[in-house]
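This briefing goes through the structure shown below, topic by topic.

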Amino acid sequence: MTTATPTVPAGTQATGTTTRAARVRKRLNSRTATLISIIIALVWTIPTFGLLISSVRPEDQIKTTGWWTFFTNPQFTLENYQEVLFSSSSSAGQLASYFINSLAITIPSVLFPMAFAALAAYALAWIDFKGRDLLYIAIFALQIVPLQMALVPLLKFFSTGVTIAGVTVLPGWDLVDEQKFAQVWFAHTCFALPFAVFLLHNFISQLPRDLMEAARVDGATHPKIFRTIVLPLITPALAAFGIFQFLWVWNDLLVALIFAGGRSETAPLTVRLAEMAGTRGNEWQRLTAGAFVSIVVPLIVFLSLQRFFVRGLLAGSVKG
Amino acid sequence: MEFDFAEEQPKFLMLMYGLIAFVAVVGGLLLLLDVVPAWFARRREAQLIAASASGAPLPRRRKQREGLFALFFLLPTLLLLTVGLVVPAIRTTLLSFMDDGSNNWVGLRNYGWMFSEGSIVRVLINTLIWVILVPLVATSFGLIYAVLVDKARLEAIAKSLIFLPMAISFVGATIIWKFVYAYRGDGQEQIGLLNQFVVSLGGEPKQWLLESPLNTFLLIVIMIWIQAGFAMVVLSAAIKAIPADIVEAARLDGVSPWQMFWQITMPSIRPALIVVVVTLSIATLKVFDIVRTATNGNYDTSVIANEMYNQAFRYGKNGQGSALAVFLFVLVIPIVIYQIRNLRQQREG
């Protein structure tokens, strides 16, 4: 984590005026603080840990004994995963199929807003035109519109298109099965843009003015500056936004529920899991394994790219 | 293995179409912006040559092209925002004044329904409880933890463990906690941690998620568990940004840790504190996944965002659903105005 600093033993910071007793007390204080914080961190992790342990226990064990008995009576199996991912029985989960849906939904939903927002943020920061500030504020302000405000009309837009005074301006999309991915991409892209523009604008507007002006003087056009100078410089910001958007889309339930439908052709993991939790709330062998399947990808992304994630978090608070 | 990979092919094909569309749109736009100006430049050059040959005044229009460039850079974003956010938001506002089939105007009837129907009033009260408790507890916890862990050993790991739930989906987190709250009949061995805890203290196991109003608080615990890490990371960064000489000077003056916290730390991190509380409040107002996955809004646990989904998409009551969405929006506005005013004050002060 970027915010971590090297550990400084409390004693070394004490000044000449501090007595030995005070120094000892301070060191003890800092020890207790360390101890308490580690205990809290462990308590925080116990629910997740319990889930992981449970997911590798045999079905009859999970259903009859607490997961903590695993340590006195360890029985290990991967059957839960096998069943929940690949079984052809529709009650088992068939999560492999939904996993692919999650991937297919997430990748374009990250790429589109990333590219569009970078273009827009560049224009708002470095192209001189009338009403620039006003436009930026307007886009920024759109962040406060809850996406609940857009759902009903957007769904109608997909199904029946746009009709003004009886004249069809745009036909409905009439998408079936896999094609419904396009709806989800579209919705996620729209909803992500205000935050993405805001976050990237923060970074892009802080690039050195000299650099931009020198490029202009050399005769570089805006597309050229954008491609060759700006893009490489804002990679960390793009990464930060990319991780945000990835976690957001992968973990989303509401948008997927409405625009992807609930079937195995398009629904992502979250939709399927929520359904399983509702209808098969006591099939813990499936739920625990399924939940882990859904959290493993974001966990990997998060743990390996935590640095960028935190940077983005600190730059733009978070998306809501 | 009974999984048929061939059946999944249409999905990959669709994904490929998506990626092709991406390359075509973004690449095409950049190409367009490269080629068209170059063509104009050539034409202008030709005009210049022609003009200088005939002695006519030189044409100028550099400024105009800047605006055109900006328009094209902004085009996809503006188009998508209009179609996907602005127009729908306006439409939803209009729908909230119409009946369920969206045919006739009904004035404020949907709003009247919201505040008079007992079950919906309950929903509003639940939302209020959520939006007060989650930011308050998560921020306090994050703050205490950030102070505790500051300069501790293994700080990075201890922080990561608290922060980790941020990466998990609300659905996943809810399943994790449903497992903690799991119930088995009295006398049987418990599999839920909470009931095991209660039993080992000599109590009776409970069906936690069925007991109102306790269940709402247990759902709030899930949200706090997820969000405390966010509060902690932002506040921890703010604490580390406090200038070392201020801290050192205070220490030389012999202030106690308690005084240090209230007189140095708190005032210094006030802006970060506000950002965290505001962000958490807005996120909490919109909470949907947790309630839906845990109880589906039954047993008196529903909140506005969940009820909005139910009304609009399950019961087909567009008017009532839209009214709830608009109400959600109205609740968000004062919070945001407060934040903007605070940020402005900070900047001026």
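**Chain A overall**

Of the 320 residues in chain A, 55% count as buried. The model is a predicted one. Chain A holds 15 helices and 2 strands.

- The accessible surface of chain A comes to about 13400 Å², and carbon and sulfur atoms account for 63% of that area.
- Among the contacts in chain A with a separation of 6 or more, 68% are between residues 24 or more positions apart.

**Nonpolar core**

- The largest nonpolar core has 216 residues, and the members that touch the most others are Phe191(A), Phe259(A) and Trp130(B).
- Helix α5 of chain A, residues 95-126, gives this core its largest share, with 20 residues.
- Leaving aside neighbours within four places in sequence, Trp130(B) is in contact with Pro135(B), Thr216(B), Leu219(B), Ile220(B), Met223(B), Thr284(B), Val287(B), Ile290(B), Val291(B) and Val303(B).

**Contacts between the chains**

- Met14(B) is part of helix α1 of chain B, which covers residues 9-54.
- Met14(B) counts as buried because its relative accessibility is 12%, and buried means under 20%.
- With residues up to four places away in sequence not counted, Met14(B) touches Glu178(A), Gln179(A), Phe181(A), Ala182(A) and Trp185(A).
- A salt bridge joins Asp34(B) to Arg227(A), with the closest N and O atoms 2.3 Å apart.
- This pair crosses between chains, running from helix α1 of chain B, where Asp34(B) lies, to helix α10 of chain A (residues 222-233), where Arg227(A) lies.

**Other salt bridges**

- Over all chains, the whole structure has 13 salt bridges.
- Arg263(A) and Glu265(A) form a salt bridge whose closest N and O atoms are 3.4 Å apart.
- Arg263(A) counts as exposed because its relative accessibility is 53%, and exposed means over 50%.
- In chain B, Lys317(B) forms a salt bridge with Asp100(B), with 3.7 Å between the closest N and O atoms.
- The two partners belong to distant parts of the chain, 217 residues apart: Lys317(B) is in the loop between α13 and α14 (318-348) of chain B, and Asp100(B) is in the loop between α2 and α3 (109-116) of chain B.
- Lys317(B) is partly exposed at 31% relative accessibility, and Asp100(B) is partly exposed with a relative accessible area of 26%.
- One network, built from salt bridges that share partners, joins Glu59(A), Lys63(A), Glu83(A), Glu283(A) and Arg286(A).

**Nonpolar surface patch**

- On the surface, Val86(B), Val87(B), Ile90(B), Leu94(B) and Trp105(B) make up a nonpolar patch.
- Together these residues have about 470 Å² of accessible area.
- Ile90(B), one of the patch residues, sits in helix α2 of chain B, residues 62-95.
- The relative accessibility of Ile90(B) is 49%, so this residue counts as partly exposed.

**Backbone exceptions**

- Most residues other than glycine have a negative phi, and most peptide bonds are trans.
- The peptide bond from Ser212(B) to Pro213(B) is cis, with omega near 0 degrees.
- Pro213(B) is placed in the loop between α7 (193-200) and α8 (214-240) of chain B.
- Tyr299(B) is not a glycine, yet has a positive phi of about 55 degrees.
- Asp300(B) is not a glycine either, and has a positive phi of about 60 degrees.
- Tyr299(B) lies in the loop between α12 (289-294) and α13 (304-314) of chain B, and Asp300(B) is also in the loop between α12 and α13 of that chain.
- Tyr299(B) counts as partly exposed because its relative accessible area is 43%.
- Asp300(B), at 39% relative accessibility, likewise counts as partly exposed.

Conventions:
Residues are numbered from 1 along each chain as its sequence is written. Chains are lettered from A and ligands numbered from 1 in the order in which they are written. This is a predicted model: local features need pLDDT of at least 70, side-chain atom pairs count only at pLDDT 80 or more; totals for chains, interfaces and linings use all residues. Side-chain values use heavy atoms; hydrogens and water are left out. Patches are made of residues with over 30% relative accessible area and no salt bridge: like charges are joined within 9 Å, nonpolar side chains (Val, Leu, Ile, Met, Phe, Trp, Tyr) within 5 Å. Accessible areas come from the Shrake-Rupley method with a 1.4 Å probe; for residues, only the protein chains shown count as cover. A salt bridge is a side-chain nitrogen of Lys or Arg within 4 Å of a carboxyl oxygen of Asp or Glu. Helices (H or I, at least four residues) and strands (E, at least two) are DSSP runs, numbered from the N terminus. Buried means under 20% relative accessible area, exposed over 50%, partly exposed in between (1.4 Å probe, protein chains only). Contact means heavy atoms within 4.5 Å. A nonpolar core is a set of buried Ala, Val, Leu, Ile, Met, Phe, Trp, Tyr and Cys residues joined through side-chain atoms within 4.5 Å.
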